[in-house]
Amino acid sequence: MNRILISKELYDRQITKKFVKETAEKILKELGLDGCELSITLTDNDTIHRINREWRGKDKPTDVLSFPIDEKHPGYRYRVLGDVVISLPYAKKQAEEIGIPYRDEIVRLLTHGILHLLGYDHEKDPAEAKRMFALQDKIFEKITSSRIQQEDS
């Protein structure tokens with residue numbers, strides 16, 4: 001069993017805590033991870049902009065940020081993966097630009113963020129980027145196709 005902590009800093013009827021938690025569980029399951037703790041913050045463009053500037057030196061909003069911890073403290077039952085921060089307004093705009101459903105974009109961003117927590121880094125080199133995006137696409141396809149099948153039933 002995993003422990004998923006969600007902080008939702010703004011109102012959005014489409015992206016519920018339940019949806020995000022279930023999606024994160026599915027992603028962790030696809031990665032074969034159990035006994036992990038993950039923190040997810042759903043926020044706005046101003047907040048993610050501030051965090052991006054403060055922690056990465058990039059003075060602009062972004063879609064998703066990841067802050068890996070990946071530690072197993074003695075006596076604590078969970079492996080702490082770290083924190084994922086997603087800007088819901090940025091994700092919504094991006095989904096519209098790409099032409100995919102908003103909820104699918106959240107699945108993609110959450111998968112991307114969790115892979116970063118596990119050490120994947122598409123900015124490192126082209127081979128690493130190829131590995132990361134192939135895994136991200138595989139997980140994304142599996143989760144979104146199973147959800148679409150459930151919605152059609």
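Me: In the hairpin of strand 3 and strand 4, which residue takes a positive phi?

Reply: The model discussed here is predicted. Strand 3 and strand 4 run antiparallel and are joined by 7 bridges. Their hairpin has 6 residues between the strands, and the residue with a positive phi, near 85°, is glycine 75.

Me: In what order do the 4 strands of the open sheet stand?

Reply: Strand 1 (3-8) and strand 3 (64-72) each have a single partner strand, so these two stand at the edges, with one side of each left without a neighbour in the sheet. Strand 2 and strand 4 run parallel, whereas strand 3 and strand 4 run antiparallel. The pairing is accordingly described as mixed, and the order is 1-2-4-3.

Me: Which element gives the most to the lining of the largest pocket?

Reply: The largest pocket has a volume of about 450 Å³ and is lined by 21 residues, with Val64 among those nearest its centre. Valine 64 also has a bridge partner in strand 4, isoleucine 86. Helix 2 (45-56), strand 3 and helix 4 (102-117) each supply at least two residues of the lining. The greatest contribution, 5 residues, comes from strand 3.

Note on methods
Residues are numbered from 1 along each chain as its sequence is written. This is a predicted model: local features need pLDDT of at least 70, side-chain atom pairs count only at pLDDT 80 or more; totals for chains, interfaces and linings use all residues. Side-chain values use heavy atoms; hydrogens and water are left out. Two strands pair if DSSP finds at least two bridges between them. On a 1 Å grid over the protein atoms alone, a cavity is a set of points where a 1.4 Å probe fits but cannot get out, and a pocket is an open set with protein on both sides within 12 Å along at least five of seven lines; lining residues have an atom within 4 Å of a point. Grid points are joined across faces, edges and corners, and a volume is the space filled by probe spheres set on the points.
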